[in-house]
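The stops below follow one another as selections.

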Amino acid sequence: MNKTIFEKIILREIPANIHFEDQDVIVIDDINPTAPIHLLIIPKKRIETLNDLTDDDTNLIGKLFQVAKEMAKKLNIDESGYRTIFNCNNDGGQTVYHIHLHLIGGRLLNWPPG
């Protein structure tokens, strides 16, 4: 199986602006931001889509949201508001098959999206 762009970033084969990293998660800027703040919160474990989650991934997925909350606070958008999004498969807008949580904020976000 070929490495995803995220695996290459985790392995430092491709540069990225890293906002946070620990043994489980890395947070980088989205290269095509849709708002002034658009981060990707990526598990280091490769899970291709949300459909591939197992019970063993429950804590990891919860951690992604905890990191999103902390990043929103660090970037001062916790009070004004932000959005978190997972895309799943082609119709859901997924382009990299390594799950990642989008953290988007810094402006008024319209609804419905897409």
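Select helix H1, residues 5-10: H1 gives three residues to the lining of the largest pocket, the most of any contributor. Helices are DSSP runs of H or I with at least four residues, strands are runs of E with at least two, and both are numbered from the N terminus. The model is predicted, so to speak of local features pLDDT must be at least 70 and side-chain atom pairs count only at pLDDT 80 or more, while totals for chains, interfaces and linings use all residues. Residues are numbered from 1 along each chain as its sequence is written, and side-chain values use heavy atoms, without hydrogens and water.

Next, show the pocket itself, which holds about 640 Å³ of space. Of its 30 lining residues, Asp-30, Asn-32, His-38, Leu-40 and His-102 are the closest to the centre. A pocket here is an open set of points on a 1 Å grid over the protein atoms alone, where a 1.4 Å probe fits, with protein on both sides within 12 Å along at least five of seven lines; lining residues have an atom within 4 Å of a point. The volume is the space filled by probe spheres set on the points, which are joined across faces, edges and corners.

Colour the lining by class: 14 residues are nonpolar, 12 polar and four charged. Ala, Val, Leu, Ile, Met, Phe, Trp, Tyr, Cys and Pro count as nonpolar, Asp, Glu, Lys and Arg as charged, and the others, Gly among them, as polar. Besides H1, strands E2 (25-29), E3 (37-43), E4 (82-85) and E5 (101-105) each supply at least two lining residues.

Now select the strands. Five of them form an open antiparallel sheet in the order E1-E2-E3-E5-E4; two strands pair if DSSP finds at least two bridges between them. E1 (18-21) and E4 are the edges, each with a single partner strand, so one side of each has no neighbour in the sheet.

Step through the pairs:

- E1 and E2 are joined by three bridges; pick Phe-20 and its partner Val-27 in E2.
- E3 and E5 pair over five bridges; pick Ile-37 and its partner Gly-105 in E5.
- E4 and E5 are joined by four bridges; pick Thr-84 and its partner Leu-103 in E5.

Is E5 buried or exposed? Five of its five residues are buried, so E5 is largely enclosed by the rest of the structure. Buried means under 20% relative accessible area, with a 1.4 Å probe and protein chains only. Leu-101, Leu-103 and Gly-105 are on one side of E5, and His-102 and Ile-104 on the other.

How values were computed: Buried < 20%, exposed > 50% of the residue type's maximum accessible area, 1.4 Å probe, protein only.
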